[in-house]
Amino acid sequence: MSLKLENLTLQLAEFTLSVSTQLSAPITGLFGRSGSGKTTLLEIIAGIRRPSAGRIVLNDQTLTDIPQNVHIPPAKRQVGYVPQDLALFPHLNASANLHYGFRAVSANSTLPGRVIELLELSTLLSRPIQRLSGGEQQRIALGRALLASPKLLLLDEPLSSLDDRLKERILPYFKAIHDEFKIPMIYVTHCQWELTKLCDEVLTLHQGQLQPN
Ligand SMILES: Nc1ncnc2c1ncn2[C@@H]1O[C@H](COP(=O)(O)OP(=O)(O)OP(=O)(O)O)[C@@H](O)[C@H]1O
């Protein structure tokens, strides 16, 4: 995987994000204090926010190129994004949420059966979303993102709402997913333990800028 972020800039009211880097690690941790710009950066990579300057190139595909007026919409980027609040649909059951983004892109597409097995979702599928625990909802949201066959998966503090016992139970699912589907991930967290357990490389944001390691 190669993700180039070239001179990405976004000015919000009292905050400026300014990032240039190239990522190639299988799982990159994105670390930084609250308000340092982690979610903003994920949203720019996912295409939800348009930067005011810069370029994003994933492998050989230009996703955003502001000087050239290129901005591929989120649904066409093949970038999976699991936001902090999961964004599950409350009116759909677990199964309908899971299959929502399913897209058989090619013979190599991620198939529902394998995701259900790997994330141990089979007993949850008929349940309303409101009757799932935080960790179960997290696994459905992760499965939904995987079924869109993304080339990159963005995870925004996926374990932050879970207690330590659940964190230890859920973290291995992320590792298993990476090992099985080889989808590169950017994993946002405040937690040193998660970085150490999961990530191959760590980027630190401070006030909208990446810090040297
Ligand atoms: N729509 C907006 N308008 C103005 N400022 C915003 C907007 N969205 C975010 N910000 C500001 O941008 C900065 C970065 O926010 P962001 O959510 O990216 O931080 P974060 O590192 O993800 O924080 P947390 O760890 O608390 O989730 C913050 O100062 C925030 O107040």
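The largest nonpolar core of this chain has 48 residues, and A145, L154 and Y187 are those with the most contacts inside it. Helix α4, which covers residues 134–147, gives the most to this core, with six residues. Keep in mind as you look around that this is a predicted model.

Leaving out residues up to four places away in sequence, Y187 touches I27, T28, G29, L30, L155, L198 and C199. Strand β3 spans residues 27–31, and five of its five residues are buried. Which residues lie on each of its faces? On one side are I27, G29 and F31, on the other T28 and L30, and all of them are buried, so both faces of β3 are covered.

Strand β3 also has partners. It runs parallel to strand β9 (residues 185–188), with four bridges between them, and I27 stands opposite M185 in β9. Four bridges also join β3 to strand β10 (residues 201–206), again in parallel. In that pairing, L30 stands opposite L203 in β10.

Strand β1, residues 3–12, runs antiparallel to strand β2, residues 15–23, and eight bridges join them. A hairpin of two residues leads from β1 to β2. Strand β1 is also joined to strand β4 (residues 53–58), by five bridges and in the antiparallel sense.

| Strands | Direction | Bridges | Facing pair |
|---|---|---|---|
| β1 and β2 | antiparallel | eight | L12 and F15 |
| β1 and β4 | antiparallel | five | L3 and L58 |
| β3 and β9 | parallel | four | I27 and M185 |
| β3 and β10 | parallel | four | L30 and L203 |

**Around the ligand**

Which residues surround the ligand? They are L12, A13, F15, G32, S34, G35, S36, G37, K38, T39 and T40. By type, the shell divides into three nonpolar residues, seven polar ones and one charged one. Helix α1 (residues 38–46) supplies the largest share of the shell, three residues.

How covered is helix α1? Seven of its nine residues are buried, which makes the helix mostly covered. The buried ones are K38, T40, L41, L42, E43, I44 and I45.

Why does T39 count as partly exposed? It has 19 C-beta neighbours inside 10 Å, and a residue needs 20 or more to be called buried. Setting aside neighbours within four places in sequence, T39 is in contact with Q84 and D156. The C-alpha atoms of T39 and S2 are separated by 20 Å, with the two residues 37 apart along the chain.

**The whole chain**

Now step back and view everything together. The chain has six helices and 11 strands. Its radius of gyration is 17 Å, close to the 17 Å that the globule rule gives for 213 residues, so the chain is as compact as a globular protein of that length. Along the principal axes, its C-alpha atoms fill a box of roughly 45 × 35 × 30 Å. Of the 213 residues, 36% count as buried. Among contacts with a separation of 6 or more, 73% are between residues 24 or more positions apart.

Terms used. Residues numbered from 1 in each chain as written. Predicted model: local features only at pLDDT ≥ 70, side-chain atom pairs only at ≥ 80, totals over all residues. Near = placed C-beta within 6 Å. Nonpolar A, V, L, I, M, F, W, Y, C, P; charged D, E, K, R; others polar. Pairing = 2+ DSSP bridges. Rg over C-alpha atoms; globule rule 2.2 N^0.38 Å. Buried ≥ 20, exposed ≤ 12 C-beta atoms within 10 Å, placed from the backbone. Contact = placed C-beta atoms within 7 Å. Core = buried A, V, L, I, M, F, W, Y, C linked by C-beta atoms within 7 Å.
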